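I opened the notebook to record what I looked up, entry by entry. The sequence and structure come before the entries.

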Protein chains: 4
Amino acid sequence: MKKVSVVGGTGYTGSEIIELIIRHPEVELTHVSSRIEEPIKFGDLFPRFFARTDVLCEALDVDKFSKDSDLVFLALPHTVSMEVAPKFIEKGKKVIDLSADYRLDSVSFKKWYAKDHTDKANLEKAVYGLPEVYREKIKKALLVANPGCYPTGVILALAPIVKTVNEIGATIIVDSKSGTTGAGKKATLALSYSEVDENFKSYKENEHQHIPEMERILSDAANSDVKVNFTPHLLPLKRGILSTIYIVADKLPDVDIIYSKYAKMYKDEPFVRLRPLGSMPQISEVVNTNFCDIGIKSARGVLIIVSCIDNLVKGAAGQAVQNMNLMLGLSEGSGLI
Amino acid sequence: MKKVSVVGGTGYTGSEIIELIIRHPEVELTHVSSRIEEPIKFGDLFPRFFARTDVLCEALDVDKFSKDSDLVFLALPHTVSMEVAPKFIEKGKKVIDLSADYRLDSVSFKKWYAKDHTDKANLEKAVYGLPEVYREKIKKALLVANPGCYPTGVILALAPIVKTVNEIGATIIVDSKSGTTGAGKKATLALSYSEVDENFKSYKENEHQHIPEMERILSDAANSDVKVNFTPHLLPLKRGILSTIYIVADKLPDVDIIYSKYAKMYKDEPFVRLRPLGSMPQISEVVNTNFCDIGIKSARGVLIIVSCIDNLVKGAAGQAVQNMNLMLGLSEGSGLI
Amino acid sequence: MKKVSVVGGTGYTGSEIIELIIRHPEVELTHVSSRIEEPIKFGDLFPRFFARTDVLCEALDVDKFSKDSDLVFLALPHTVSMEVAPKFIEKGKKVIDLSADYRLDSVSFKKWYAKDHTDKANLEKAVYGLPEVYREKIKKALLVANPGCYPTGVILALAPIVKTVNEIGATIIVDSKSGTTGAGKKATLALSYSEVDENFKSYKENEHQHIPEMERILSDAANSDVKVNFTPHLLPLKRGILSTIYIVADKLPDVDIIYSKYAKMYKDEPFVRLRPLGSMPQISEVVNTNFCDIGIKSARGVLIIVSCIDNLVKGAAGQAVQNMNLMLGLSEGSGLI
Amino acid sequence: MKKVSVVGGTGYTGSEIIELIIRHPEVELTHVSSRIEEPIKFGDLFPRFFARTDVLCEALDVDKFSKDSDLVFLALPHTVSMEVAPKFIEKGKKVIDLSADYRLDSVSFKKWYAKDHTDKANLEKAVYGLPEVYREKIKKALLVANPGCYPTGVILALAPIVKTVNEIGATIIVDSKSGTTGAGKKATLALSYSEVDENFKSYKENEHQHIPEMERILSDAANSDVKVNFTPHLLPLKRGILSTIYIVADKLPDVDIIYSKYAKMYKDEPFVRLRPLGSMPQISEVVNTNFCDIGIKSARGVLIIVSCIDNLVKGAAGQAVQNMNLMLGLSEGSGLI
């Protein structure tokens, strides 16, 4: 059995990692941390986990956690992770960071997160944890930057055609809709039930901090600068992101040619499911799974791509476990199907 | 046109009063207060009200508000109202208080709200604002204590038979379920969408602070001490309370006799709708209305009564407007149907 | 008091008209029809209306309804209205039809609704009931085709700039999200709670039957052919449509110039609320109102417009009442604020 | 690997069994049936299962299914199961029936399901599949009647004290609230999103067909006739049942004595979690798990018990898999944690 710890286990992402590790047949959970005075059984803190794990929730102790872990998950707020990650890396521990701290270069990071990066050395070595694009690098990585939830669904929906998009000079419009857990476990009025229920709204229209992450990875895939116009919305539901993507061009390639690019790229992928041409996925089909489902359609001159993920699974904890499997030499889908 | 002001207009209850007064054909809204530095148009603060009212939201000024008001609504937190109400009463203004501050006697108040009552003089004169029980007193009152949301639905469901209940030594079990706006406009994790959605729970089982209010009014109606066993639950919806009430006794009177007591008491009530015997109301039938719908059924030796209200209308703002109509000599249903 | 009848009162749209007419200070509801054997009080059929109206729900009788009505609302399924409308028009009664039967020319109608139009004479004379565009024609119309829910929000969001859009050769991408009542009152598995809850999906991507309606009216406004790329989605909520609209062009005009076009067109409109530049509306701000709220923003070279309506009010029944007010010479906002 | 088949795989219960068997480490799914003309891959029928199983959905063929199965799940409508079960039993196959067909004696069955029982021979031998009460019998059973969803949560909440309840002459009031999947996969208006959303209602108040099932099992546990007063309600959520149970008596035993009875009965149970005295469970804590969580509290002379389950897991498919594990000699919790 491999051993892992979770730093920051009380948020939605941290708890979802714990949920997945408890069910994982080849990995054992040794430590969970939180900003807490006295250690307490995780199952006493959250009754959902009662009788399912004996793990304690305790204050972070890098030495102790390192001693009992082959790999550490950091489920910490942005700008906090970069203070913690180097401590584990120094001890030779593999790290999967679920914050945004290692996803951008230091210049972009400062621009979008308004803070100087304090761990530039590791930032340069960090691998972007999207297995469908960087699988081989992930296998050998010491530090993996787990992708953001919106970028996961959007990048997977665009990667196969982003080169073509740039060749034909097309414009990319991404209209994403996310459930509330994507915003984290927060006591804010804007996220209260009475405000979100029976409501729907856009926010940060074409100026969300996930844009540079999408553009960086897609530009890498296209070998040229890709521009993503991205507008997120808040759905009255807990889990799931659906992105509707429009490719606008004077003239599009034949949709069968486009479809074949997706089919080729995702043929053997364990967690990307390409729907038959013209059939679109919906959120309920991927909730509580690690799948990213993708549908493609051409209608009245516009190419429409719809992708769905569970933001807490493929968009966070599930993808982190998928990365962990790769980094620890386990079967990629272990504990995830 | 009569003139009214709302002290505390930014919570759900205060805003609902404003919504109702804007539509009211015989009453004008002159002032709205909130803890705010600079006055701002209420419609600029809340886009829902944009272009519907010119009223300002400003800091409370008792002199100014009194000058322009025939009646003042207090939609303030518990224990704050009792500091404000006497100031308006002193100026001869009629007051409808929507907090719990004037609903109990001072002993009960201290026990359940953990604070000495600071306005005992007015407390003694306050009239409980349930028109179906205290209509004539309300018409002449200077200070009305608007009922709590749970008590409104429960008292109306029990008032016609509470005397009988005591006579036969029956036990009252009230199982209530409320939407989230009943908990107020709050930034707490427990009320966040991610926690409430797809969830349901009980709370303060048989020890909720609305119990003494129910028991006080029902004991008054029965002319003997009534005991109410009351357990509330939180529903994943915004508006509405449904209370399922069980009357447990060795031997119940014939259900037709019971039904006739309801029919008699509510025959001419504008806002209580008694369903045919055996037919039960549901929340969607009363949402956004000032009605309390009541259904009655006897099955396998138990009497079951179901009542529904919209907690923000009949359970708060609508009932306050109904009381206002009575206090200002307007038609009781004006602006409410 | 003016008198009106509702043909087809048991669906969501018909019931919403009845709700609005009951509250209307200048109009009386005389008849309501449905496919029903024996007349029954509408309030006995739907407890929500109990004690609020004495109107009967009965089988349609054109003579009887005509005798007691200045105007008739048809809330019937598509292709049924065109069988009924001519009978009332023949008797000189004003008609507001809420189906799609009189919104398109006969060629488009046949293409999108798969049936020959059977009332081409009236089709030619029908006025499209969007007061913000056709107010003067509506005032004099005998037959008004009430707009579809999606078209209402989309046309109002685009009308001020559609001429500019065509001049600069821009592409219009409309991504709309609607609540479930927009699909009507239906017993289908796809609309069941267990399927819709915690789910979200696109449908009829860029091939929805409301496209020709949008394009027809916008082309009329632009004086040239307008192409609308439109993809609807189903939201897990009851009421409301939010449309996110992207204007894609090589070079956009300055956003202040664009904003001024909206400000000019909607300056005196009672039911269109233009938000300050950069501020976007959300569904909860318009639910249960007749407003269409519009927000505009330019970001990273894309013009983004968001519009919100309540699909049953401004998207159906409310707009019908607004049209009724114009047709009967009443104040346009009567009964709607 | 053991082999199982599912007869009736397209409803919510059947699909949940398939979901659980796919994840089960020791059991293989060989056949799934439905009323279908041509065989189709189950994952093509329901995209949620795409790429997760190769099983076909085909018409029922008792010979074929029997040949490849150690055990067969029947997820069929009531009164259909009793036509199918004997065919598999005849072939020596173990059967778990999830309908109501084998839960009652033939007299009760006829009374509550309005049909003569057609398989009385097997009915007499069927074991009620509640492992916490009938574990040893289940291990040896050929035919298990999987409990109803409401009875599971109610019986587990009452079994430890039902003897005491009868001894002290107490009355049992059960107020249950269930999510919509409990009503099955149905195209009915009453279960449509527009009707259920933002709504809550009671139904079949103290006359639901699950009452005789509860009373039968609890009477067996108490060794005397137990009366359960049971009123269900429909919650606007998909999964989960919370039952609030009131024990009304002139004088209750000390709550610590009562609590110890629960502690004793459930000490080693893998799927019943007793909360600390006074702490109550909520639905989100058990959703997607096979747990029944139980909380107990005494307040103002009333004993209050709250139990929660996921109606599709512990209330149906999960309990069926738990029974299967027992019947096939596997570890009771295999595939369920």
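**Entry 1: salt bridges**

How many salt bridges does the structure hold over all chains? I noted first that the model is predicted. The total I found over all chains is 88 salt bridges. I wrote down the general idea beside it: side chains of opposite charge can pair when their charged atoms come close.

I then picked out a pair inside chain A. A:Glu132 and A:Lys314 form a salt bridge, with 2.8 Å between the closest N and O atoms. The two residues are 182 residues apart and link distant parts of the chain. A:Glu132 belongs to helix 7 (residues 131-140) of chain A, and A:Lys314 belongs to helix 13 (residues 313-327) of chain A.

**Entry 2: chain C against chain A**

I turned to the contact between chain C and chain A. There, 40 residues of chain C touch 40 residues of chain A. The area buried between these chains is about 3300 Å², and carbon and sulfur atoms give 53% of it.

The rule finds eight salt bridges across the interface of chain C and chain A. I looked at A:Lys297, which forms a salt bridge with C:Glu207, the closest N and O atoms being 3.2 Å apart. I also noted 32 residue pairs in polar contact across the interface of chain C and chain A.

**Entry 3: chain B against chain A**

I repeated the look-up for chain B and chain A. Here 19 residues from chain B meet 19 residues from chain A. The two chains bury about 1600 Å² between them, with 56% of it on carbon and sulfur atoms. B:Tyr193, B:Ser194 and B:Lys238 supply 42% of the area that chain B buries against chain A, more than any other three residues.

How many salt bridges are there between chain B and chain A? The count is zero. I did find ten residue pairs in polar contact between chain B and chain A. Helix 10 (residues 193-196) of chain B gives the most to the side that touches chain A, with four residues. I sorted that side of chain B by class and got eight nonpolar, five polar and six charged residues.

**Entry 4: the sheet of chain C**

I went back to chain C for its sheet. It is an open sheet of seven strands in the order 10-11-9-12-15-14-13, with mixed pairing. Strand 10 and strand 13 (272-274) of chain C stand at the edges with a single partner strand each, so one side of each has no neighbour in the sheet.

I followed a pairing within this sheet. Strand 9 and strand 12 of chain C pair in the antiparallel sense over eight bridges. C:Ile172 stands opposite C:Ile247 in strand 12 of chain C. I then looked at helix 12 (residues 255-266) of chain C, which lies across strand 13, strand 14 and strand 15 of chain C. Helix 12 of chain C runs at about 170 degrees to strand 14 of chain C.

**Entry 5: the ends of a helix in chain C**

What caps the N-terminal end of helix 5 (residues 106-113) of chain C? I found C:Asp105 there, with a side-chain oxygen 3.0 Å from the backbone nitrogen of C:Val107. After helix 5 of chain C comes C:Ala114, whose phi is positive, near 55 degrees.

**Entry 6: a pairing in chain D**

Strand 13 and strand 14 (residues 292-299) of chain D pair in the parallel sense over three bridges. D:Val272 stands opposite D:Cys292 in strand 14 of chain D.

Notes: Residues are numbered from 1 along each chain as its sequence is written. Chains are lettered from A and ligands numbered from 1 in the order in which they are written. This is a predicted model: local features need pLDDT of at least 70, side-chain atom pairs count only at pLDDT 80 or more; totals for chains, interfaces and linings use all residues. Side-chain values use heavy atoms; hydrogens and water are left out. Contact means heavy atoms within 4.5 Å. Buried area is the accessible area (1.4 Å probe) that two parts lose on being put together, summed over both. A salt bridge is a side-chain nitrogen of Lys or Arg within 4 Å of a carboxyl oxygen of Asp or Glu. A polar contact is a pair of N or O atoms within 3.5 Å; within protein, one must be able to donate a hydrogen and the other to accept it, and residues adjacent in sequence count only if both atoms are side-chain atoms. Two strands pair if DSSP finds at least two bridges between them. Ala, Val, Leu, Ile, Met, Phe, Trp, Tyr, Cys and Pro count as nonpolar, Asp, Glu, Lys and Arg as charged, and the others, Gly among them, as polar. Axes are lines fitted to C-alpha atoms, for helices over the stretch in contact, and angles run from 0 to 180 degrees between N-to-C directions.
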